[in-house]
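User: Please take me through this model one question at a time, giving the cut-offs as they come up.

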Amino acid sequence: MRAAVVTFPGSNCDRDLAVAFEAAGFEVHRVWHRDTSLPDGLDVIGLPGGFSFGDYLRCGAIAANAPICREVKAFAERGGHVLGICNGFQVLLETGLLPGALMRNANLHFVCKPVGLRVENNQSPYTSGYDAGAEITIPIAHHDGNYQADAETIARLDGDGRVAFRYIDNPNGSASDIAGIFSANRRVLGMMPHPERAIDPMHGGTDGLAMFTALTEMLADA
Ligand SMILES: NC(=O)CC[C@H](N)C(=O)O
């Protein structure tokens, strides 16, 4: 299994994401934002957390226009798997691969703490390792995690089983408690919480590991 992890200026979770993919058995290729092509034979691309381009303009907006994001978009449009975590989720929204926007947290504070999530849909390559409705604990660390979309989009996401995770105790004001959403084919997942920060007992919890191991198994079976 081959994964790519993209690094933008200001990414700070790229190594952690690479380590999480490696822990699940992926061979990881690091990709720079200015690269104009992706490694051959990729199974998944990871867009990591951080503060790409200093969060200027809007979080993820400048990164979404980096040369490599043209390739990431084309890869997803060909049916490729893309996982965007935190700033990576912000980049996915700015590329248009996922709908909606991430606004400033409702309390205007940067929030950094473990939070409870409910697995809303375990029928996806990322969530099949959890029981439907399972409650897991994953850290968040963001100031722009307040997911918003128009009511019709929220209803469509819900109706089509595209809400991956919901907050049990909403920390940022997100509409409908949404913490992560899938693309229509469920191969693109964007989420604000950081599963790569919960893969080792030293992290204080391992609830994130099942996301990466399930992905390896689903891709192996595909
Ligand atoms: N941990 C992160 O990826 C931070 C994301 C983003 N820059 C924010 O603070 O909202």
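Analyst: Two strands pair if DSSP finds at least two bridges between them, and helices (H or I, at least four residues) and strands (E, at least two) are DSSP runs numbered from the N terminus. The model is predicted, so local features need pLDDT of at least 70 and side-chain atom pairs pLDDT 80 or more, while totals for chains, interfaces and linings use all residues. Residues are numbered from 1 along each chain as its sequence is written.

User: Which residue in β9 is the bridge partner of R118?

Analyst: Strands β6 (residues 111–119) and β9 (residues 163–167) run antiparallel and are joined by three bridges. The partner of R118 in β9 is R166.

User: Which are the edge strands of the sheet?

Analyst: Nine strands form an open sheet of mixed pairing, in the order β2-β1-β3-β4-β11-β10-β9-β6-β7. The strands that pair on one side only are β2 (27–32) and β7 (135–142).

User: How are the residues around the ligand divided by class?

Analyst: The shell (C-beta atoms, placed from the backbone, within 6 Å of the ligand) includes F51, D55, C59, H142, H143 and D144. With Gly counted as polar, the shell has four nonpolar, six polar and two charged residues.
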